[in-house]
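Work through the following exercises with the sequence and the coordinates open beside you.

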Amino acid sequence: MIKMTRREFVKLAAVTGALTLMLGESEHTFKTLTAAQSKTQVKYIPNLCTMCANRCGITAKVVNGKVVKLDGIPHHPANNGKICARGQSGIARLYNPDRIKAPMIRRDKSKRGTWEGFEEVNWNTALDEAAKKIKRYMDEGHPEKIAVISGWWGCAVYKPYVAAFMQAIGTPNSAGATINSCMFPGAFGWLATLGGANHAHIISDLEDAKYIIALRRNLAGVGGVPHSWRFAEAKRRGAKVVALDPRMSETAALADVWIPIKPGTDLAFLLAMGHVLVNEKLYDEAFLKKYTTVPLLLNSETGVPVKVWDDKATGLKKYLVYDLLQKKAVSHDEALNPALLGEYTVKLEDGTTVKAKPAFQVLVDDLQQYTPEWASKICDVSSDLIVKTANEFGRTKPAVIDPGWHDPRYENSLQTHRMMAILNAMIGNIDRYGGVSFNVPGREVNLPPPPQNRYDVVWGKKHGMLPLPLPNYVPLYYAMTKGDPYPIEMAIVIAGNPIRTWSGDKEWKEAFKKLNDVLVIDVLPQDTTMYADILLPDSVYLEKDFPISHAEMSLYGAFETAIAAINPVFNTKPEIMIFAELSKRLGVYDKFINSLAKMLKVDAGKLRRYFDSEGIRGIRRAQAEAYGISLDEIEKKGYVMFETKEELMDTMPYKKPLHTPSGKVEVYSLMLAKITSMVGEDPMWSPLPKWLPPKVMSEYEKNKAPNVFYFIYGKSPLNSYTHTTDNEMLDSLLRPDYIGVWINTKRAKQLGIKDGDKVKVTNLKTGEGGVTTAFVTEAIRKDTVFLNTQWGIESKKLKIAYKRGGVALNKLWPFQYARLIPGMLTNELLVKIEKV
Amino acid sequence: MTKYGMVIDLGSCLGCGACIAACDFENQTPWEEGKRRTHVPEFIFGEYPNVERLFVPRLCMHCEDPPCVAVCPTGASYKNEDGVVLVRYDMCIGCKYCVVACPYNARYVDERKHAIDKCTFCYNNRVSQGREPACVESCVGGARIFGDLEDPNSEVYKLIHSGEAVPLRADLGTHPKVRYIFRRKKREGD
Ligand code: SF4
Ligand code: SF4
Ligand code: SF4
């Protein structure tokens, strides 16, 4: 080792290691450096982490114009001062040499899918050419030929900006993963029951719960800080945790009980829990009577509601129930003691009578077949454990089944989530401490009906798919490749990566090659950017301002904002500025501003004035004025609170109706009843939950072989999206269990696979897949393999990620989708494992 | 007098690695396995389905009787007035005696510094300014608790004096000021 004098050391510190040696030294060297340090300028700037969709509040420490450390904002309503490894590693994203550093244009479409033929241009040229392409469709009168595809920014707080741009150019067509391979159709189960989607509107009050059931989600491992810290807090306060997972996830590792359930059979487990709850009368009768739809009378013969009608005053649905006090059928809001059980003769207005049962009686009858013994065989879980879990859930107060997040997995995903919501409702934990609750957006859910000319709505009418509030990408493929229902010829991709993340790797590559024009806005040269004709580099969150939005991952009412910590490192622009500049070139700037003003509920004149003079900060100023919050305070702190948890809790459905058709907790779903009346009965959308086996269960039995497995997948705490795979810090933290495929020791042995071996993972049906490493472990079921995501990056410009290799999820995921509500059935497949 | 210490609650550690990244950035360590001030090894025991998966955050134990300090020939390694074990990098000759003497494997060579490095409890850069160490502040699970072991009102004091938080390998006799809570996990299931 070299011996250094103090003088040499100080010199070295001043010249080379400015940051390295100045921050975080021992006491001794620290003192020697005070002179050098006095020249440094240190700033702390609030921002919002976008390494994943949770948007934790962060403070960037900036030393001499360089971001050196990120910390959580103390007491921030979402993350409570903590950030995860990804959040810390935002710095490695910011200074990632792999970033797209300047706008690029490629004029040869045949080179799509490669990195060939790009030429660096200045912003003016890039924006002019981009505008020219868009303008052609507008001039032809066919702006609908343009589809705007976005990553989670399109569905979260970025939505108003993307939507204003779409309105300005006049296309109704957007696309994202939400409906197909993100939260739906699981989220539809929550929407139908509680009028909001899980995680976007509905979150559990974990920290106050005494009993937590986690399924279909690794809450502790990859829930994101807003969920993980509350999970850990609940545990410290003594909550008992039960985790259903075929693999021992981080959540299962920390749980009191790990239930390694057979993949896709959670619905059977939940139905059997329901069986126990109704038979042991472990439900909250008063709550069910007053706040849910279970008193609703169903015709004993046909099973359909006896009478449902509109209440003109409230816009809500009314229905008949049987009042035990008045001894007759009355409108639900006139009943003093509505019946839950029994069968009644109901006299109708036309004088006829029918026999009818409250929906609860029908549910109880239905649940009789779903005994713990029945479920035990399906789930591969002992019936005693099911009985015990149901009893504890029904008797421990407060108890909660966490709503989860991602679930396009099985044909039964919708009903699984319905049953999760229903069990929560049965114990009356809705909007209660320690139960299932709503964030502020969830209290004001306002999902406008879809535009009737949107490609998926038009296609859906032809091909039997439900029009959903958010677009569904299945028809986009047909629109792009076959012009069905009408042609889509241009894609504008905003921070999304459909080529790597949407089901059907081949299909999307084909579709993107067919397009006339592809414009991509992104930070990193991802797989989709390889298909661009024009590539516009986006700034990283630390380099840009963001206006004001709600703190979504929180049970508090709070506004938050993000301030640029430094100027852009490379020649990049924030996408809001890109939208504005394109709108100006297209002559639709007025429209852009006016639409934005409407969505943000701010004054359009002010918005324009402030935005023109101050850029994104001007939007924030207009919002602060309109929302009555101090600009100074929010810019200093990063957030302002306006409602406490105490003020928000215990409101819905008690003081305010839910956003369901009836305003009640729809244990009997009027929305699903309507769908049934339109398209016929099916266990997938039955208004009261019914068992529906995952398709993959019978396929597994048919294809049983030593190298064939059920397939499950998930993220690691280091990886949220494809963009987190190319991060030097996160890459340096990877462990074997975060990279490859988990396979049970005994099965691996049979196949001659040792830990760390290279293995080929392929979809049994399509033969598609890739090579990765085996993580051989006892911590997974014998019939199941677990794949870490999001690997298998093909863009060689993502040097770190490309080197890691791995299997891309969407090579295993075929372009297959569920009926009516098109989840991509991402677990409904078997894989073959072979040693390479 | 202050005596800094840390309690790590294994029942709360999610194995998420936020602490490692926080430390790496805060203290500008190399981004490399084996050259970090803290790490979180994972252990999986047992046979399916009776399996335990455990994450055990590790760092310098800031021993009251630090063998690394005892063997340091130059006085570069020392324990400061608040009980924190530190290295004076400019006095370190890189002989690695301390690396060998440390029974907890907490030290490594930082080539860029031409010296041995290790966890400092973020003493100068944070703790002396009234902030918690970087790993503690960022800990998602709230598993790392930092404080003054001499202050009867501190959480660390209470956890240690109740006997809940214990040293790793107490038999080594170095009196670590980093303690662990091993929560016995109930396991039910089939
Ligand atoms: S959970 Fe982690 S990555 Fe996601 S926003 Fe929070 S700190 Fe960032
Ligand atoms: S106390 Fe500071 S130096 Fe030690 S491991 Fe934690 S962050 Fe690193
Ligand atoms: S940050 Fe906390 S919870 Fe995460 S690995 Fe480190 S000690 Fe464990």
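**Exercise 1: the interface of chain B and chain A**

Chain B and chain A bury about 5800 Å² between them, with 55% of that area on carbon and sulfur atoms; the model is a predicted one. Describe how chain B and chain A meet, beginning with the residues in contact and ending with the classes of residue on the side of chain B.

*Solution.* Begin with the contact itself, to which chain B gives 66 residues and chain A gives 75 residues. Next, turn to the charged pairs: the rule finds 6 salt bridges across the interface of chain B and chain A, and one of them can be taken as B:E47 with A:K746, whose closest N and O atoms are 3.3 Å apart, which falls under the cut-off because a salt bridge requires the nitrogen to lie within 4 Å of the carboxyl oxygen. Polar contacts come next, and between chain B and chain A they amount to 16 residue pairs, both residues being at pLDDT 80 or more.

Then ask which elements of chain B take part: α1 (18-27), β2 (42-47), β3 (50-55), β5 (85-87) and α4 (134-138) each supply at least two residues of the side that touches chain A. The largest share of that side, 8 residues, comes from α1(B). Finally, sorted by class, the side of chain B that touches chain A holds 26 nonpolar, 17 polar and 23 charged residues.

**Exercise 2: two domains of chain A**

Chain A is divided into domain 1 (104-177 + 446-538), domain 2 (186-294 + 367-438 + 660-685) and domain 3 (695-835). Characterise the contact between domain 1 and domain 3 of chain A.

*Solution.* Start from the placement of the two domains, whose centres, taken over C-alpha atoms, are separated by 28 Å. The contact draws 30 residues from domain 1 of chain A and 27 residues from domain 3 of chain A. The area buried between these two domains is about 2300 Å², and carbon and sulfur atoms give 61% of it. On the side of domain 1, A:R500, A:S503 and A:L524 lose the most area to domain 3, together 23% of what that side buries.

Move on to the specific pairs: the rule finds 3 salt bridges across the interface of domain 1 and domain 3 of chain A. A:R500 also meets A:E794 through its side chain in a salt bridge, at 3.1 Å from N to O. The same interface of domain 1 and domain 3 has 16 residue pairs in polar contact, both at pLDDT 80 or more. In domain 1 of chain A, α21 (474-482), α22 (498-501) and α23 (505-514) each supply at least two residues of the side that touches domain 3, and the largest share, 5 residues, comes from α23(A). By class, that side has 17 nonpolar, 7 polar and 6 charged residues.

**Exercise 3: the ligand shells**

Which residues surround ligand 1, which are around ligand 2, and which come nearest to ligand 3?

*Solution.* For ligand 1, the surrounding residues include A:C49, A:C52, A:C56 and A:C84, and the shell divides into 7 nonpolar, 3 polar and 2 charged residues. Around ligand 2 lie residues of chain B, among them B:C23, B:C119, B:C122 and B:C135; α1 and α4 of chain B each supply at least two residues of this shell, which has 8 nonpolar, 3 polar and 1 charged by class. For ligand 3, B:C13, B:L14, B:C16, B:C19 and B:C139 come nearest of the 13 residues around it, and the shell comprises 9 nonpolar, 3 polar and 1 charged residues.

Key. Residues numbered from 1 in each chain as written. Chains lettered and ligands numbered in written order. Predicted model: local features only at pLDDT ≥ 70, side-chain atom pairs only at ≥ 80, totals over all residues. Heavy atoms only, no water. Contact = heavy atoms within 4.5 Å. Buried area = accessible area lost by both parts, 1.4 Å probe. Polar contact = N/O pair within 3.5 Å; in protein donor to acceptor, adjacent residues only side chain to side chain. Helix = DSSP H or I, 4+ residues; strand = E, 2+ residues; numbered from the N terminus. Nonpolar A, V, L, I, M, F, W, Y, C, P; charged D, E, K, R; others polar. Near = heavy atom within 4 Å. Domains from an automatic or database assignment.
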